[in-house]
Each structure stands twice: as structure tokens, then as C-alpha cells.
Amino acid sequence: MFDFSSVIEILPDLNKSFFQTLYMVGISLAAAIVVGLPIGIVLFVTDRGLFLENVAVKNMLGFIVNMIRSIPFIILMVLLFPFTKMITGTTIGPTAASVSLSVAAIPFFARLVEQALREIDKGVIEAAVSIGATPWMIIKDVLLPEAKPGIIQGINITAISLVAYSAMAGIIGGGGIGDLAIRFGYNRYDDTIMFTTVVILICLVQLIQYGGDFIAKKVDKR
Amino acid sequence: MREMIEIQNLVKEYKSKKATVLGVNNVSLTINKGEIFGIIGRSGAGKSSLLRCINLLEEPTSGHVFVDGVDLTTLKGEQLRQARLKIGMIFQHFHLIRAKTVYENIAFALKANHKSPQEIEVRVTELLDMVGLADKRDAYPAQLSGGQKQRVGIARALANDPHVLLCDEATSALDPETTQSILELLKKINRELQLTIVLITHEMEVVKDICDRMAVMQNGIIVEEGKVYDTFSDPKHPTTQSFMKSLFQFELPERMLKQCQGTIVKIHFVAPQAEEAVITEVLRTFDVKGNILHGKIEYIHDNPLGILILELIGDGAEVQRAIDYIAKRTHRVEVLHHV
């Protein structure tokens, strides 16, 4: 049965876990945008027939992205332990979990960016080339503004996936709401806490989805 | 007259897994400074490939393209970019940046030429006045009509004072009225800026309305080339002739041919005879009756070009003399039907 008093009792823990989750998602989302966006752009502009066509770069980058994406997250986390330790000095806690979350999120978001850029009418890019625009101008003034709604949706999807992945990080002591759910719900068979964490996760995801859709619609001039 | 564009032995191949298709097959063409040159052809004729090779949007397989004396096929990267600043291009589907306002779309072209914000402000205002869109400055492309979008496209293409304007089916997505207004605008900028314009189209009307010279393309080759009036009055190649039919659509109904009592002749007029009263003279001089069945006169650069289908009724020999007389005084006479 749902035991309200045990929720009150766990409230400080819940509060702390919630902010740990936001912290992990925030850091890895930032890393995904800062590193994944340029990678996504490079994947697109080096494609055949585009203004920086370069098959070697395209293939190599594509291979690395696919490789990371093909590793299940839980295994990637373990695989990255030495790397995580090198960077953060530890392998547990939200900061350590953020490393593997970032590594997973970067190629994921890069592909979403590439996809969003593919939606742009090729003619608009061609028009910019015919004007005599530099590659940098085309990226800054054509590709990014034209793909902005799609890229925002990509950030949205990445954030939601990160919430799910961050819960997985809980398995190896990453902290956050997932960690709480496993400790209480799985190890102690506490259905109330389990249920509460699930509700929180659902609310968080709905909020991200709603906010992302709202912004994407706002910037869409089509 | 100085040549502005010189295309030499241009070949463009498209390779696919199955076969190699020749989009442009060894085309040589000279386009003079300040003229409006039209390339007409059906879809797949290679006209679009040819046009896109002029600013190297497509890299020619072989051959040379000189624009204002510079061989573009030898340029790469930054040099090619600089050359493109002086070659404007407009498109069938406009290709404006949808996330940017009219102002920003035009400013984009000036930024490519490293203009300062002050210079951009002045120039964009000037361009918007020229294309008649001063009030749409802050509108987004989605809020504009097709004709207005093309005007923005033209303003953008002219931003850096190009020597050449390439028009890729620029009016094909527009309704006839809007097409006329865009053609008027192109004519105006051609006159006022001494701008060389190359346009491709599948519409004879467009060529008729604004071009000085024209080329007809088919299967990657130019099959006919010349002054528009000469080509229209005397089309030589079957493709040109079939394009002419779209302009002079003259099919008499079967019933008419069966019913008529006299000889039916098709008379082609060209300037200056088209302005003389040949038919009146014939009917006065010879003992024949005339009955006009069909006719049309087009004006190309103020020169008339006409076709008239006439039924001549009378004594056989007299009719023949009338036909001979007409043949002498007009461009060409065809006898369509004898009694």
C-alpha cells in the first residue's frame, strides 16, 4: 500500500536525488551540445555533394559515432571506468556518472543534429553557395537557423534519453533518482518509494517534452 | 559588342552505377554583355545543367567557362567564391532562408562580401526599393507570395552588383500575371544596370517577351541558336518548330476543312511586311473572295510576327495568281487544302 509517511521520511533523500539527476542530465546535455553539435555539422557538410565534401572525414567520424552508439550504455559505463577515474578521480557519484553519460550522449545528439540538417532544402544551401558565402557563413546563417526547430527537438530527445540513462547509472552507484529507486525499491522492496520515484521521473520527462516542444514551435518560422 | 560569358566545349557527365548520362554534350556558346539570353528546352534537355555549370554549382566534366574574361574552371575555394559574388542567381523555388527576414536574407549576400553593417543597411534599403518590397523588410518568407519571394531572390542576387544574372526557371512556379511582373522587373534591371541575363525556361512566352537572343537545347546539345525574332519567324530544327506550335496553335477543325469551298492558305508575315495591307490589295487586285478562318499576330521587341489562315474562293487560275502575289509580298505561304 502507498505509505505517505515513508515518503515524508525520505523527502530529504528524494530532494537530493532529484537535484543529482538534474546535475547529471545538465552536465551531459551540455557536453552533448558543445561537442555533439559540431560533430553533427561535420557529419553533414562532409557528405557527398555538399560544400565541404570529404569522404575520409565523413567515414571515419561516422564509424566512431556508430561504434560508441552500438555499445549498450551499461557496458559503456563499465568500459569507461578507467577514463572516468582519470578525469574525476572516482567511479561513483553523479560527477563520475556524468562522464559516461556525456560519452553516450555526444554521438547520439550528433546523429540527431545530422538528421535535422538533412531536412533542410538542399536548394537553400545551393543558393548560399551561389551567392559566394563562406562555409562558415553557410553553417552559421543557413544551416543552424534553418535546422533550429529540429535541433531543439534533438536536444529534447537527448535530455529525455539522459534521464533514462541517468537512472541506469544508479545501478553502479551513480546517484540520482534511479539510484534511490534501486536502493529502496529493488534492494528493500519498498513499493512506495519505487512508485514515487517513477512519478517524479514521469513528471520530469513530461516537463522536458512540453518545454522543448514549446521552444521548437516558437523558433519555427516556416 | 563585348562577350560576357564564353562557354567552350562544355561537357557534363552524370555517372551512376548503371550508366553514364551526358547532361551537356560539348556545348560552346557566347553571350554578350548586356543582353538577355534565353535557353529553352524540355525537361531533361540539359539546360539546367548548362546554367549551373556557368557558376560552377556543378563542376563541368571538361571544357571551359569564361565569365568576364576569367576561366572559372581553373578557380578553387576562395577565388571561386570571390568570382561567384559577381554572378547572381535566382531559382524556380526561390530558395530563401526561411528562418530569416527579407532584410536578413538580402543582408546575407552583402555579408559574404564583407560589407559593414552601415553599408549593408544602405544597400538593402536601396535594393528593397528597386524590387518594390520596402514594406516587407521585416517579413519572413512564409508570409510572402510567390512573386514577392522571387523579388527578394532578385534583390539578393543583385546585392553585390554582379555582372551576370542566371535565372533557373525563375518564373515557372508563378502564375501568368506574376510571371509578367517578374519579367518586367528583369527587363528593367537589364536596362538600368546593363546587366547580362541568362535564363533557362520551357516557356516560349518568356523567351518571346524578354530575350534578345536564344538557344534551343535538346539531349544536351544546342540545336538552334540566334536572334529571337529570326528564330521565331524561321524555326529550322523540329524541336524549335514544335515549341513554336505552342505559341501559334493553329489546328483547323476537320469539319471546317470539309465544308470549305475554296483553297485554304496559311500566310506567315514578318516585319516589315506584316504592317502592310497585303490582304486588302490581293482582294482588290484579283477576282477572288477571301475568308479569314484563323489568325494571330505576336509582337517581339515591337516587331510583328503573324500567321493568318485564309480561304480563297474563286476561279482556280485566279486563285493561283493571288497566291503567287501573296508569296511575293509575305514571308511564306503554305497551301493547306485544295478544292
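Analyst: Leaving aside neighbours within four places in sequence, F184(A) is in contact with I10(A), D13(A), Y189(A), D190(A) and I193(A); contact means heavy atoms within 4.5 Å. This is a predicted model, in which local features need pLDDT of at least 70 and side-chain atom pairs count only at pLDDT 80 or more, while totals for chains, interfaces and linings use all residues. Residues are numbered from 1 along each chain as its sequence is written, chains are lettered from A and ligands numbered from 1 in the order in which they are written, and side-chain values use heavy atoms, leaving out hydrogens and water.

F184(A) belongs to helix α8 (residues 176–186) of chain A. Helices (H or I, at least four residues) and strands (E, at least two) are DSSP runs, numbered from the N terminus. F184(A) counts as buried because its relative accessibility is 7%. Here, buried means under 20% relative accessible area, exposed means over 50%, and partly exposed lies in between, with a 1.4 Å probe and protein chains only. For a sense of distance, F184(A) and L143(A) are 41 residues apart in sequence and 47 Å apart in space, C-alpha to C-alpha.

Elsewhere in chain A, S100(A) sits in helix α5 (residues 94–118). S100(A) is counted as buried because its relative accessibility is 4%. A polar atom of the S100(A) side chain lies 3.2 Å from the backbone oxygen of A97(A). With neighbours within four places set aside, S100(A) also touches F73(A), L76(A), M77(A) and L80(A).

Now for the nonpolar interior. A nonpolar core is a set of buried Ala, Val, Leu, Ile, Met, Phe, Trp, Tyr and Cys residues joined through side-chain atoms within 4.5 Å. The largest such core holds 140 residues, and L186(B) and F232(B) have the most contacts inside it. Helix α7 (residues 135–169) of chain A gives the most to this core, with eleven residues. L186(B) touches I90(B), I154(B), L165(B), C167(B), I197(B) and I210(B), not counting residues up to four places away in sequence.

Two strands pair if DSSP finds at least two bridges between them. Strand β6 (residues 87–91) of chain B runs parallel to β7(B), with five bridges, and I90(B) has C167(B) as its bridge partner. Strand β8 (residues 196–201) of chain B is also parallel to β7(B) and joined by five bridges; there, L165(B) is partnered with I197(B). From β7(B) the chain passes through helix α6 (residues 176–193) of chain B to β8(B), in a right-handed β-α-β crossover. Right-handed means that, with the strands pointing away from the viewer, the path from the first strand over the helix to the second runs clockwise.

Chain B also has an open sheet of four strands with antiparallel pairing, in the order β12-β13-β11-β14. Its edge strands, β12 (288–300) and β14 (332–337) of chain B, each pair on one side only. β12(B) is antiparallel to β13 (residues 303–314) of chain B over twelve bridges, and K296(B) stands opposite I307(B) in β13(B). Helix α11 (residues 278–285) of chain B packs on this sheet, touching β11 (263–270), β12 and β13 of chain B, and its direction makes about 170° with that of β12(B). Axes here are lines fitted to C-alpha atoms, for helices over the stretch in contact, and angles run from 0 to 180 degrees between N-to-C directions. Another open antiparallel sheet of four strands in chain B has the order β2-β1-β4-β5.

Finally, the whole of chain B: twelve helices and 14 strands, in a C-alpha box of roughly 80 × 50 × 40 Å along the principal axes. Of its 339 residues, 53% are buried.

Note on methods: A polar contact is a pair of N or O atoms within 3.5 Å; within protein, one must be able to donate a hydrogen and the other to accept it, and residues adjacent in sequence count only if both atoms are side-chain atoms.
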